[in-house]
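What follows is a walk through a protein model, taken one chain after the other. The text is meant to be read alongside the display.

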Amino acid sequence: MDDREAVARLQAGDLSGLETLVRRYQVRALRAAFLISGERELAEEAVQEAFLRFYRGVRRFDPSRPVAPYLYRIVVNTTLNMVRRERRDLSLEQMSLQQAEALLAQAETVEGEVERALLAAQIEKALAALSPRQRAVIVRRYYLGMSEQEMADAMGVSRGTIKRLLHNARGRLRRILGEEQRP
Amino acid sequence: MNRAAFQLLDAIARQHIPDDADVYPQIAARLQRAPRRRVRLQAVLLLAALLLLLAGVVYAAGRSLGYWPGLGVVAPEGGLRVLTKPVAQTRAGVTVSIEKGFGDAEQTVLVYRVSVASDHVWPTPATPLAEQPACTETPSLRLPDGHTLAMRQGGGSGAAGRLVFPPLPPKVSQAVLNLPCLWNLPPGAPRHWQFTLQFAPAPPNLTLEPITQITFPTATASGTGAPPSTPAAATNTPPFTVQAVHTGNLFVLFGRTQQSDGQRFVMLERITVTDAHGQPVTLLPPPQGFENYDWQIAFAQDVAFPVKITFRWQEQAFQPVKPPVELAVNVGADPKPGQTWQVNKTLTLAGHPVTLESVQAAGDEAYAFTFRASPEVQDIAFEVEEGKAVGGGGTGAVLPREGAKFSVMETTVQFAQRPTGTIHLKFLGLTVRLPEQEASLRWSPPEGTPQPTAASTATPAAGAPSPTPAVCLDAAKWEELLASPPPLPPLPGKMVYDRYQEGHRLPGLYVAHPDGSAKQRIGEGAWPALSPDGEHLLYSTADGWMLADLTTGTARPLPGDGYHPVWSPDGERVLFADGRAMYVMRLRDGKVSLVTQGIAGPVEPVGWRKDGQRVLYAALEAGFHLRERDLRDGTRKDLGLTFNNKAGYAVLSPDEKWVAFADLQGTTWGLLIAHPDGSARRLIVASDVPVAFITAWSPDGQWLVVNTTTPMPGQAMPKRRPFVVNPFTCAAYPLPLEGMVDGWGP
């Protein structure tokens with residue numbers, strides 16, 4: 001059953017369509033929600049709620065649209081809302097978004113499992129130091145593969161701003177990498 | 001996307017969210033607590049339909065093919081075998097029958113049907129989903145020698161479906177069909193079914209619908225976008241095969257996309273069809289059997305021929321640089337990580353100017369190259385002669401902004417040992433996005449197939465308002481009205497609308513005059529419907545039906561639940577749907593009677609005749625068909641109107657002369673009206689307006705609600721803004737209501 005058929009079934013009241021979509025997208029959705037919230041329980045609750053929201057609005061969903069971006073968008077926003085509701089967005093912003101992006105950019109060049117594991121630990125720590133909203137930017141960009149336009153839409157800024165943000169991040173990355181390589 | 005970053009993030013999250021994490025049981029449990037749209041007890045055979053795995057299956061153009069209705073495209077050459085007789089089993093009130101099937105050199109196809117004894121249907125509660133263990137096994141065919149053929153494609157609409165397996169070996173005439181998972185059956189019904197099937201050579205009198213080949217006129221492709229900077233290797237011959245077959249009351253056109261030599265990738269964007277008068281032809285879901293093809297469309301047989309079929313597509317082509325062009329960059333004897341060399345040299349590669357802006361030493365043994373090129377350049381293929389790349393590469397163009405003159409591309413190339421001194425970049429080719437192309441062909445069915453009937457040429461019924469020829473609301477007008485809303489004229493009655501509520505499972509329901517005055521909050525729920533006298537509101541809550549008295553502000557629950565209720569003219573009964581069936585509920589005692597069950601798909605209420613004895617509904621069978629059912633004797637009549645909006649949502653006007661409905665126009669939806677017989681069909685809201693399926697007529701039948709939605713940055717739910725449009729004068733106004741208008745009463 002492809003997505004379109006699953007949506008058509010769901011729009012017809014056939015819950016097998018929902019089950020298909022849940023089982024197809026839940027793991028990535030759960031991981032995205034976890035990366036934003038840092039808590040498995042909250043991630044599970046957010047993903048359940050996100051799928052239920054999709055289900056409740058499915059009769060108005062245009063089946064010609066791709067499902068995954070729409071679903072992931074609901075997941076990110078639902079997670080952010082839940083985090084906010086539980087006042088979990090008060091973490092100190094000890095690390096800038098650009099620094100976290102710089103660490104992620106290193107992923108392209110690391111070799112070997114040990115180095116990769118070290119970098120993963122660094123990134124996890126960096127993520128923990130970000131606010132949920134900042135983590136959502138990372139998740140949208142690097143985990144859900146949203147385009148600049150989608151990110152701009154999701155963040156409520158222009159695409160030009162996104163380009164500048166990314167450009168700045170790259171510049172900072174170069175500086176950080178250059179500094180790190182020095183003895 | 002940065003694949004390595006993705007993998008790292010995934011690895012981090014995987015420590016907490018394992019691969020087998022499953023929240024569906026919790027979701028199912030939450031749905032059970034709120035069984036608003038629970039599927040009732042039709043037996044639904046869930047077959048884990050696989051995505052198209054038939055990439056290697058190619059039906060050669062020009063080969064003798066035929067279409068077997070309901071089964072698919074058959075290649076009779078090379079020994080066609082058919083199921084000798086239908087096979088059926090009945091257990092615990094459920095009957096599963098394998099009705100027909102064939103095996104040719106390409107595939108084995110079987111069609112099944114499931115039915116449930118009527119005493120198992122409504123109001124017996126469905127088996128709770130949470131009690132149904134997940135079943136991931138797929139159907140298979142077991143051969144006499146013990147080998148099994150796994151289903152490679154399957155699915156259907158539930159009560160009927162189609163299974164595709166690999167071809168049977170030449171001498172095999174018997175196989176056991178294994179159906180491991182039947183879903184949503186009555187309590188106690190078995191889920192696992194097996195059937196022994198016998199196949200025999202096709203009888204000589206087996207007739208198949210003939211398939212005809214259609215060819216494009218020569219040199220029909222034309223670019224529709226801005227021309228590239230140099231002549232592009234655009235396709236002169238449209239890269240599509242086109243075949244046609246007449247089946248039932250439909251013409252189905254289908255074919256393949258020819259990707260040629262691997263140097264060119266074709267992306268079909270859209271297919272549109274217009275009739276002999278230039279009017280858009282509604283495209284309907286094709287019947288089963290064409291899923292293996294790259295594209296397939298269907299339309300009703302009663303269109304005015306010849307039709308014009310227009311393909312729009314885009315291609316990305318690899319354009320080699322011949323001879324390869326080289327560029328030397330001196331990075332010195334000891335490049336330091338982070339060190340950058342501004343190059344800013346422009347080359348002409350395959351006719352496209354490409355600038356190497358900079359080179360930077362990155363990481364331990366890598367260089368990052370930054371290019372600038374015109375937006376049509378998608379990728380640059382190059383190599384560094386002095387060092388063998390061990391990773392990275394692939395320029396991955398940044399998507400150009402609308403109207404941008406250049407796009408910037410970055411790529412990092414990892415070397416085993418970073419070359420130093422003068423390095424030479426050898427450019428091999430570019431991947432270039434070609435302008436969108438378009439090609440059309442005109443086609444009439446071969447002689448002997450049905451010709452246009454009255455439906456496409458009928459004049460409006462006597463006394464009907466004269467249709468206005470032009471579309472009433474398009475995107476430009478919609479945006480203009482949103483930006484500068486004109487004063488709202490006096491509009492009759494009151495509206496019920498719903499608003500999404502953050503953190504709530506169901507939307508809030510409100511009743512107000514069209515100008516927003518006298519607003520009342522009713523509660524939380526879905527599918528609100530105003531009674532004919534405007535004094536009651538029926539809606540669905542998490543606990544089932546709720547009937548609110550708008551005059552007293554009180555509400556009382558009614559037994560059962562469902563969706564899309566439509567009040568009878570006398571206000572004593574309600575027509576509603578639930579899954580694949582439609583019912584009438586008597587409000588005074590809650591008694592429910594089954595009106596009809598969809599055979600191949602859902603049925604959706606549309607309206608009542610004034611006599612209160614006949615109901616209109618839409619049934620999905622290769623597109624939605626408007627039908628009428630007489631509640632007194634159960635007789636059914638096809639009224640003629642067909643449309644395609646997946647949900648089957650349509651609304652009958654108060655004078656019964658018009659039906660409003662969303663319909664597929666190309667790839668998006670527009671809002672139309674037509675007489676119930678399908679005549680005087682007219683587009684009211686163009687498909688470039690983001691219109692919702694749900695609409696409503698004003699009590700005087702002069703206005704239509706047009707619900708529009710706008711995606712909002714950072715919001716899960718789009719902003720919803722209803723409009724009213726007079727389809728006869730084309731007057732249009734945005735309403736000062738935020739939400740979606742579900743109904744309009746006196």
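Strands, like helices, are DSSP runs numbered from the N terminus, and a strand needs at least two residues. In that numbering, B:Pro323 belongs to strand 19 of chain B. The model is predicted, and local features are considered only at pLDDT of at least 70.

Chain A contains nine helices and zero strands, so its element order, by the DSSP assignment, reads α-α-α-α-α-α-α-α-α from the N terminus on. The chain has 183 residues, of which 60% count as buried. Among its contacts with a separation of 6 or more, 65% are made by residues 24 or more positions apart.

Helix 2 of chain A covers residues 16-37. Its 22 residues, at 1.5 Å a residue, should span 32 Å, and the distance of 29 Å between its end C-alpha atoms agrees with this. The helix bends by about 55° at A:Gln26. Helix 2 is also mostly covered, with 19 of its 22 residues buried. After the helix comes A:Gly38, with a positive phi near 75°.

The next topic is aromatic rings. Over all chains, the count of aromatic pairs comes to 30. One of them is formed by B:Phe240 and B:Trp313, whose ring centres are 5.2 Å apart and whose planes make an angle of 85°, an edge-to-face arrangement. B:Phe240 is in the loop between strand 14 (222-223) and strand 15 (242-247) of chain B, whereas B:Trp313 is in strand 19 (residues 307-330), so the pair ties together parts that are 73 residues apart in sequence. Buried means under 20% relative accessible area. B:Phe240 therefore counts as buried, at 5%, and B:Trp313 is buried because its relative accessibility is 0%.

Ring pairs also build a cluster in chain B, made up of B:Trp341, B:Tyr367, B:Phe369, B:Phe371, B:Phe382 and B:Phe427. Charged side chains meet rings as well. B:Arg91 lies over the face of B:Trp193, 4.1 Å from the ring centre. B:Arg499 lies over the face of B:Tyr510, at 5.8 Å from the ring centre.

The backbone of chain B has some cis peptide bonds to note. One joins B:Phe305 and B:Pro306, with omega of about 5°. B:Pro306 sits in the loop between strand 18 (295-300) and strand 19. Another cis bond runs from B:Lys322 to B:Pro323, with omega near -15°, and B:Pro323 is located in strand 19 itself.

B:Ala350 counts as partly exposed because its relative accessibility is 27%. B:Ala680, also a residue other than glycine, has a positive phi near 55°. B:Ala680 is placed in the loop between strand 45 (668-674) and strand 46 (682-685) of chain B. With a relative accessibility of 17%, B:Ala680 counts as buried.

Note on methods:
Residues are numbered from 1 along each chain as its sequence is written. Chains are lettered from A and ligands numbered from 1 in the order in which they are written. This is a predicted model: local features need pLDDT of at least 70, side-chain atom pairs count only at pLDDT 80 or more; totals for chains, interfaces and linings use all residues. Side-chain values use heavy atoms; hydrogens and water are left out. Helices (H or I, at least four residues) and strands (E, at least two) are DSSP runs, numbered from the N terminus. Buried means under 20% relative accessible area, exposed over 50%, partly exposed in between (1.4 Å probe, protein chains only). Contact means heavy atoms within 4.5 Å. The expected span of a helix is 1.5 Å times one less than its number of residues. The bend at a residue is the angle between axes fitted to the seven residues ending there and the seven starting there. Rings of Phe, Tyr and Trp (its six-membered ring) pair if their centres lie within 6.5 Å; planes under 30 degrees apart count as stacked, over 60 as edge-to-face and the rest as tilted. A charge sits over a ring if NZ of Lys or CZ of Arg is within 6 Å of the ring centre and within 35 degrees of the ring normal.
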